[in-house]
Amino acid sequence: MTTYTPCGRIFLIFFLFLRYTSADLVYDVCKQTRNYSLCTEILYKASGYSDSTDVKGLARIMIEASRSRAAHNLVYVRGLINNQNSTNLDDFNQCLQVCYKDYRLVVKAFIPNAIQSLSSGSNFDAAVAILLSADHILSCQDENCVKMSSNLNDRCNEYADFAQIVADVLRIA
């Protein structure tokens, strides 16, 4: 049987308390969102950060994850544009150009605005910026775009759904 000194016991209890507290925090926050499993997946992937953070820190992790998702979609749209040939429909190309501009605005303006708002203590404004970013990419779901690329439509829907989860976390923070 192992015995610990009084200082060792205090350290062990403190360490266990911190470890369980961070896991409980992620659980408590994510259970209040629309998609518990996706929320916990994102926050546990960032476990190096979320183990020692508060709810505001978890919200920032989620905002950064939304930036990453939007940036991946931006690259995807750019790839669709680059793979266009001259025989493709002008409507699809026009849709892709609008979609590219919208995702670029999301990555360059809406999400940085959300981060700035969160940093200044305005969680409501951060949530509004994230929700507006999701609303802004609806142009990518134009009928012509959907006909030509259902994958693009799926990506837009996934981003919009994820933005709702981020807004849920911001509401809690």
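This is a short exchange about a predicted model and the terms used to describe its parts.

Biologist: What are the ground rules for this model?

Modeller: The model is predicted: local features need pLDDT of at least 70, side-chain atom pairs count only at pLDDT 80 or more, and totals for chains, interfaces and linings use all residues. Residues are numbered from 1 along each chain as its sequence is written, and side-chain values use heavy atoms, with hydrogens and water left out.

Biologist: How many helices and strands does the protein chain have?

Modeller: The protein chain has 8 helices and 0 strands. Helices are DSSP runs of H or I of at least four residues, strands are E runs of at least two, and both are numbered from the N terminus. Along the sequence the pattern reads α-α-α-α-α-α-α-α.

Biologist: How do you know that Cys 30 and Cys 39 form a disulfide?

Modeller: A disulfide is a pair of cysteine sulfur atoms within 2.5 Å. The sulfur atoms of Cys 30 and Cys 39 are 2.1 Å apart, so the pair meets the definition. With -70 degrees about the S-S bond, this link is left-handed.

Biologist: What makes Cys 30 and Cys 39 buried?

Modeller: Buried means under 20% relative accessible area, exposed over 50%, and partly exposed in between, with a 1.4 Å probe and protein chains only. Cys 30 has 0% relative accessibility, so Cys 30 counts as buried. Cys 39 also stands at 0% and is buried.

Biologist: Which other cysteines are joined by a disulfide?

Modeller: Cys 99 and Cys 140, with an S to S distance of 1.9 Å. The structure holds 2 disulfides. With 105 degrees about the S-S bond, the link of Cys 99 and Cys 140 is right-handed. Cys 99 lies in helix H5 (residues 90-119) and Cys 140 in the loop between H6 and helix H7 (143-148), so the pair ties together parts that are 41 residues apart in sequence. Cys 99 is buried at 0%, and Cys 140 is buried at 1%.

Biologist: Why is Cys 156 in no disulfide?

Modeller: The nearest cysteine sulfur, that of Cys 140, is 4.0 Å away. The definition asks for sulfur atoms within 2.5 Å, so Cys 156 is left without a disulfide. Cys 156 is buried, at 0% relative accessibility.

Biologist: Why is Leu 132 called partly exposed?

Modeller: Leu 132 has 40% relative accessibility, so Leu 132 falls in the partly exposed class. Leu 132 sits in helix H6 (residues 123-136).

Biologist: Why is Asp 168 called buried?

Modeller: Asp 168 has 6% relative accessibility, so Asp 168 counts as buried. Asp 168 is in helix H8 (residues 150-172). The side chain of Asp 168 reaches the backbone nitrogen of Arg 34 at 3.0 Å.

Biologist: Which residues is Asp 168 in contact with, leaving aside neighbours within four places in sequence?

Modeller: Gln 32, Thr 33 and Arg 34. Contact means heavy atoms within 4.5 Å.

Biologist: What makes Ile 81 buried?

Modeller: Ile 81 has 11% relative accessibility, so Ile 81 counts as buried. Ile 81 lies in helix H4 (residues 55-82). Not counting residues up to four places away in sequence, Ile 81 touches Leu 96, Gln 97 and Tyr 100. Ile 81 and Gln 97 are 16 residues apart in sequence and 7.5 Å apart in space, C-alpha to C-alpha.

Biologist: How many of the 173 residues in the protein chain are buried, as a percentage?

Modeller: Buried residues make up 40%.

Definitions and conventions: Polar contact = N/O pair within 3.5 Å; in protein donor to acceptor, adjacent residues only side chain to side chain.
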